[in-house]
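Hi everyone, thanks for coming.

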Amino acid sequence: MPPGTLPEILGEVALDPDGVLHGWCWSPGRPAERLTLDILVDGRVAASVVASRFREDVRDRKFGDGYHGFTLALTRQLARLEQAGIVAARERASGQVFWQTLRGNFAVPADFAVRVAAMAAGINGCAGMLPAPPAPDAGAGRMVAAAIGAAGRILAARGGSVPAPPARVTLAYTAAPRVTVILDAGDDAERDFATIAAAAKVLAAIQAELLLIDGGADPRCAMLAARVGNLRYFHDTRANPAARRNMAAEYARGDVLVFLRMTGRRVDLGLTALEEALRTDRLVAGAGIASLARLGVPDATSRLVAAPDCPPLGLDLAVERSLFAELGGFDEGLVAHNAFVAAEFLARALAVQPALVWLEPRAPDDPDADGFQPLL
Amino acid sequence: MLKQSNDEPKPMTSEDFDELGVTRFFGRGDIGARNLLSGWAEAEDNHNWNDGPEAALVMTLRQRPEESCLLSVEGRPFLAPGVPRQDVTLFVNGFRVAFWRLGAGETVILEAEIEPEMWLIRRGGALARCAWHLPDSTRPRDISGVQDQRQLGFCFQSMTLWPRRQTGIRR
């Protein structure tokens, strides 16, 4: 899906505990049409409905005339489910499944009770307790909970050895962000968290949203999605860096995309200054990226303008989303370091747009900056 | 005097047909603007009231079903002081198929079995004219101080024509 475009089918669905399914569905390409939905239970059509009920909230959100709601009782169909099943909503004309959920009881492996007992014994052992045989009538979940509770009490009694809960931070939610900061996760989740936490205030001030893209360098980065409120998090270990950044750009909502690499620096001052610069410039490049791009563009010097006194930021590129889309984003065929991919994009962009060069001071602990001495 | 037309009846288009197993809603969004014949009050957002002792609507299928279908209609009766119940009788193409006596002011689902032979073949499809007889329909104006002059009996909310295999109808 190109950046800035709407999906073919928009909709929301909720399945109540009593089996009543309700929601709405609308197509931006067929705004006056009442769409027909097939409701699938484990891949089979269990019911169909023409979404034509009026919903004031849908009308207020400018999705057609608001006559796109539906409600269905799936009690009978769901009662036939013996175990867990997938309930999905599919728009018939496009064949697009736009919602699905898991419903029913989860199957558990046959040796579940044995594994739970082993886990409880392990927890008891960690806390210095003698492994206690589980009570005959104890449920599996209750057994583990009791072991965890007992271990916690022992550790608390010893004083100071109970680990503190991980720090959390909540980013301000911006309904219509002007800037989307796309940050590559580094190889140290705690350092990444510190960077994000330090930037929270300035992100709110400049009406920016934050997308974190994680290639899996540190598995703990996955926890950042839970520790940082309103963080938009993308995890894909298989895609190359260019593909990950393009994917993030597709989901960005800001008019300007800012691609940063995680350097461990405080980025708050740099973001503030960059946002000021972006009020007049459509394209801003980090000094290292600009140096690389300059090697491949003969007349680049005339199209690169140095910005003085730039605070540290770890900037690769900042570009208007429309220009990014116009040039097709990063070249996913380049299996290379982010810096080379960004430099290749900048070389193409310079043909249509001069760039401001972000001359930030180099940091000795910034591996991405090493070797990319600005040539300006 | 009735005006006669020499025009041949137009064949139905794909948009004229209903579909088995697809739930459709009354009200302005769908049925209220398409399938109603006579005896209906002005369509509201998500429902249609009858207006008078008989309300008729039409259902059309591409072809006559080979087996029985189950017509399922969701709605609620008009009950008020002095109107303790609503008797509802459904006729399909003249066949009396079901009767309900509704005495609770809550949402109900009325279900009636429609046999294959009840359908008429018209204009390239199968047609069923559903006539809802609602003799207890009452004008709110007559029993309270409101100005509502409609003659209300049942509030129609949704309708599904289920194929036999999906409903488990047994013969």
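Let's begin with the rings. Searching the whole structure turns up 16 aromatic pairs over all chains; here, rings of Phe, Tyr and Trp (its six-membered ring) pair if their centres lie within 6.5 Å, and planes under 30 degrees apart are stacked, over 60 edge-to-face, and the rest tilted. One of them is Phe234(A) with Tyr251(A), a tilted pair at 5.4 Å centre to centre and 35° between the planes. Phe234(A) sits in strand β13 (residues 232–235) of chain A and Tyr251(A) in helix α7 (residues 241–251) of chain A, so this pair ties together parts 17 residues apart in sequence. Helices (H or I, at least four residues) and strands (E, at least two) are DSSP runs, numbered from the N terminus.

Quick housekeeping. This is a predicted model, where local features need pLDDT of at least 70 and side-chain atom pairs count only at pLDDT 80 or more, while totals for chains, interfaces and linings use all residues. Residues are numbered from 1 along each chain as its sequence is written, chains are lettered from A and ligands numbered from 1 in the order in which they are written, and side-chain values use heavy atoms, leaving out hydrogens and water.

On to salt bridges, meaning a side-chain nitrogen of Lys or Arg within 4 Å of a carboxyl oxygen of Asp or Glu. The structure holds 31 of them over all chains. Take Glu12(A) and Arg61(A), whose side chains meet at 2.9 Å, N to O. Glu12(A) is in strand β1 of chain A and Arg61(A) is in the loop between α1 (56–60) and β6, so that bridge links parts 49 residues apart in sequence.

Now, what order do the strands take in the open sheet of four? In chain A it goes β1-β2-β6-β5, with antiparallel pairing; two strands pair if DSSP finds at least two bridges between them. β1 (10–15) and β5 stand at the edges with a single partner strand each, so one side of each has no neighbour in the sheet. Six bridges join β1(A) to β2 (residues 20–26) of chain A, and Val13(A) has Gly23(A) in β2(A) as its bridge partner.

Last stop, the interface. 18 residues of chain A contact 13 residues of chain B, with contact meaning heavy atoms within 4.5 Å. How many salt bridges cross between these chains? The rule finds one: Glu19(B) with Arg92(A), closest N and O atoms 2.7 Å apart. There's strand pairing too: β4(A) and strand β1 (residues 22–25) of chain B run parallel over two bridges, and Ser48(A) stands opposite Val22(B).
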